[in-house]
Amino acid sequence: VGNRKLGHKVSISHFAQDHAEKLNPNMNVLETIEEVAGSDAAGNLRSLLGCFLFRGDDVFKKVSELSGRERNRLALAKMLARSANFLILDEPTNHLDMRSQDALQNALQEYTGAYLIVSHNRAFVDPLATKVLEIRKDGLSLFPGNVSDYLRHLEVVEAVAS
């Protein structure tokens, strides 16, 4: 339990684990992205969709025709298409194959805003993380570095304590 206060001009886009199920099955892939970004950015949107492995005529497939993995990729692309400068991703790699995880990782490495990733997938998070937020009963700690750095730090702390 706590409070949060957004900074000035912070705009959030959130990816929840169930976002793929909430897509409109009657829309096609391109329409789904245009819904949040507008049709004026069509060329950029097709580039974004290409990053998420939707190429050529794939962008005209109906959401109802997509596999679960494709829907997840589309939901992630939709989140990135919003004009937000802070992304919150809850288990974004669930249901993604390695190729799709790589596409998401590359998109996040190019992303110029901030992001918070909640994930059990250390291989995905490690190259992206610059800080680890540890949540304990007695409070929060922010650790500089990635998950591997944080775990090494914990090993040292445990060794000193024993």
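Which element gives the most to the lining of the largest pocket? Strand 3 does, with five residues. The points below concern a predicted model.

1. **Largest pocket: size and make-up.** Its volume is about 850 Å³. The lining counts 23 residues. Leu116, Ile117, Lys131, Val132 and Leu133 lie nearest the centre. By class, the lining divides into 17 nonpolar, four polar and two charged residues.

2. **Largest pocket: elements.** Strand 3 spans 114–118. Besides this strand, helix 5, strand 4 (131–136), strand 5 (139–144) and helix 6 (147–161) each supply at least two lining residues. Strand 3 still gives the most, with five.

3. **Second largest pocket.** The volume here is about 250 Å³. The lining consists of Asn44, Leu45, Leu48, Cys51, Leu80, Ala81, Ala107, Glu110 and Tyr111. Helix 2, helix 3 and helix 4 are the elements that give two or more of these residues. Helix 2 gives the most, with four. Seven of the lining residues are nonpolar, one is polar and one is charged.

4. **Nonpolar core.** In soluble globular proteins, nonpolar side chains tend to be buried together. The largest nonpolar core in this model has 34 residues. Those with the most contacts inside the core are Leu49, Phe52, Phe54, Leu74, Leu76, Leu80 and Leu87. At least two core residues come from each of helix 1 (29–37), helix 2 (42–51), helix 3 (68–81), strand 2 (86–90), helix 4 (98–110) and helix 5 (122–125). Helix 3 supplies the largest share, seven residues.

5. **Leucine 80.** What does leucine 80 touch, leaving aside residues up to four places away in sequence? The partners are Leu48, Phe52, Leu87, Ala107 and Tyr111. Leu80 is also among the core residues with the most contacts.

6. **Leucine 53.** This residue has a positive phi of about 70 degrees, although it is not a glycine. Leucine 53 lies in the loop between helix 2 and helix 3. Is leucine 53 buried or exposed? Its relative accessibility is 14%, under the 20% limit, so leucine 53 counts as buried.

7. **Glutamate 91.** Here too phi is positive in a residue other than glycine, near 50 degrees. Glutamate 91 sits in the loop between strand 2 and helix 4. Glutamate 91 counts as buried because its relative accessibility is 8%.

8. **Aromatic pairs.** How many aromatic pairs does a search of the whole structure find? The search finds two. In one, the ring centres of tyrosine 111 and tyrosine 115 are 6.4 Å apart, with the planes at 45 degrees, so this pair is tilted. Tyrosine 111 is buried, with a relative accessible area of 17%. Tyrosine 115 counts as partly exposed, at 25% relative accessibility. The pair of phenylalanine 143 and tyrosine 150 is edge-to-face, at 5.6 Å centre to centre and 65 degrees between the planes. Both phenylalanine 143 and tyrosine 150 are buried.

9. **Tyrosine 111 across the points.** Tyrosine 111 is one of the contacts of leucine 80.

Technical notes. Residues numbered from 1 in each chain as written. Predicted model: local features only at pLDDT ≥ 70, side-chain atom pairs only at ≥ 80, totals over all residues. Heavy atoms only, no water. Core = buried A, V, L, I, M, F, W, Y, C linked by side-chain atoms within 4.5 Å. Buried < 20%, exposed > 50% of the residue type's maximum accessible area, 1.4 Å probe, protein only. Contact = heavy atoms within 4.5 Å. 1 Å grid on protein atoms, 1.4 Å probe; cavity = no way out; pocket = protein on both sides within 12 Å on 5 of 7 lines; lining within 4 Å. Points joined across faces, edges and corners; volume = space filled by probe spheres on them. Nonpolar A, V, L, I, M, F, W, Y, C, P; charged D, E, K, R; others polar. Phe/Tyr/Trp six-rings, centres within 6.5 Å; stacked < 30°, edge-to-face > 60°.
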